[in-house]
Amino acid sequence: MISIKKSLIGLLLFCGACFSQEKEQINTVLEQWHKAAAEAKFDAYFGHMDKDAIYIGTDPTENWTISEFKGYAKPHFDKGKAWSFSTLERNIFLSETKETAWFDELLDTWMGICRGSGVLTKTNKGWKIKHYVLSIAVPNDNVNQLAELKKVFDTQLIRTLKTKK
């Protein structure tokens, strides 16, 4: 009975270590991804994204495939300065199979605090970003001011999107 308990404890510790190791690998990928943007390393930046990744930016029209996002980003990277986001906080979650992960993060950016969230998948080349969403974090007390600021743009975009239905 004691050896079964020891075996179970050992197995739990081993699984916990594997879980922690996966999270650390994911954290490293995300840190390297943000660093590659800050250093304007185009190939390194997009090398962390899956071949069919989606990037959703802060503008409501920015819902890009990886090739569309590369087209947007290339001129910024070519200037030697893309964008610099540093992590303030990050939460990482893993599926039971440890083949899919999702995360949320708070970032220090030129726009102030932003929230990033996304999904990664484990590939034969390591963890790859499959889907990423960047949003500007707005304190609840400022929502009314922000809504007024973007009212004209939103009204026009809503009209356009409703006519596409």
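Colleague: What makes a contact a salt bridge here?

Modeller: A salt bridge is a side-chain nitrogen of Lys or Arg within 4 Å of a carboxyl oxygen of Asp or Glu. The model is a predicted one, and by this rule the count comes to 10 salt bridges.

Colleague: Why are Glu-31 and Arg-90 called a salt bridge?

Modeller: The closest N and O atoms of Glu-31 and Arg-90 are 2.9 Å apart. The cut-off is 4 Å, so the pair qualifies.

Colleague: Which parts does the pair of Glu-31 and Arg-90 tie together?

Modeller: Glu-31 belongs to helix α1 and Arg-90 to strand β3 (residues 86-94), so the bridge joins parts that are 59 residues apart in sequence. Glu-31 and Arg-90 are also linked with Glu-105 in a network of salt bridges.

Colleague: Is Arg-90 buried or exposed?

Modeller: Arg-90 has a relative accessible area of 14%. Buried means under 20%, so Arg-90 is buried. Glu-31, at 34% relative accessibility, counts as partly exposed, because that value lies between 20% and 50%.

Colleague: What makes Glu-22 and Lys-122 a salt bridge?

Modeller: Their closest N and O atoms are 2.8 Å apart, and the rule asks for a distance within 4 Å, so the pair counts. Glu-22 lies in helix α1 (residues 2-38) and Lys-122 in strand β5 (residues 112-123), so parts 100 residues apart in sequence are tied together.

Colleague: Why is Glu-22 called buried?

Modeller: Its relative accessibility is 11%, and the limit for buried is under 20%, so the term applies to Glu-22. Lys-122 has a relative accessible area of 32%, so Lys-122 is partly exposed.

Colleague: Which elements give two or more residues to the lining of the largest pocket?

Modeller: The largest pocket holds about 320 Å³ of space. Two or more lining residues come from each of β6 (126-136), α4 (143-149) and α5 (151-164).

Colleague: How do the lining residues of the largest pocket divide?

Modeller: Six are nonpolar, two polar and two charged. Lys-150 and Asp-154 line the pocket, and Lys and Asp count as charged, so these residues fall in the charged group.

Conventions. Residues are numbered from 1 along each chain as its sequence is written. This is a predicted model: local features need pLDDT of at least 70, side-chain atom pairs count only at pLDDT 80 or more; totals for chains, interfaces and linings use all residues. Side-chain values use heavy atoms; hydrogens and water are left out. On a 1 Å grid over the protein atoms alone, a cavity is a set of points where a 1.4 Å probe fits but cannot get out, and a pocket is an open set with protein on both sides within 12 Å along at least five of seven lines; lining residues have an atom within 4 Å of a point. Grid points are joined across faces, edges and corners, and a volume is the space filled by probe spheres set on the points. Helices (H or I, at least four residues) and strands (E, at least two) are DSSP runs, numbered from the N terminus. Buried means under 20% relative accessible area, exposed over 50%, partly exposed in between (1.4 Å probe, protein chains only).
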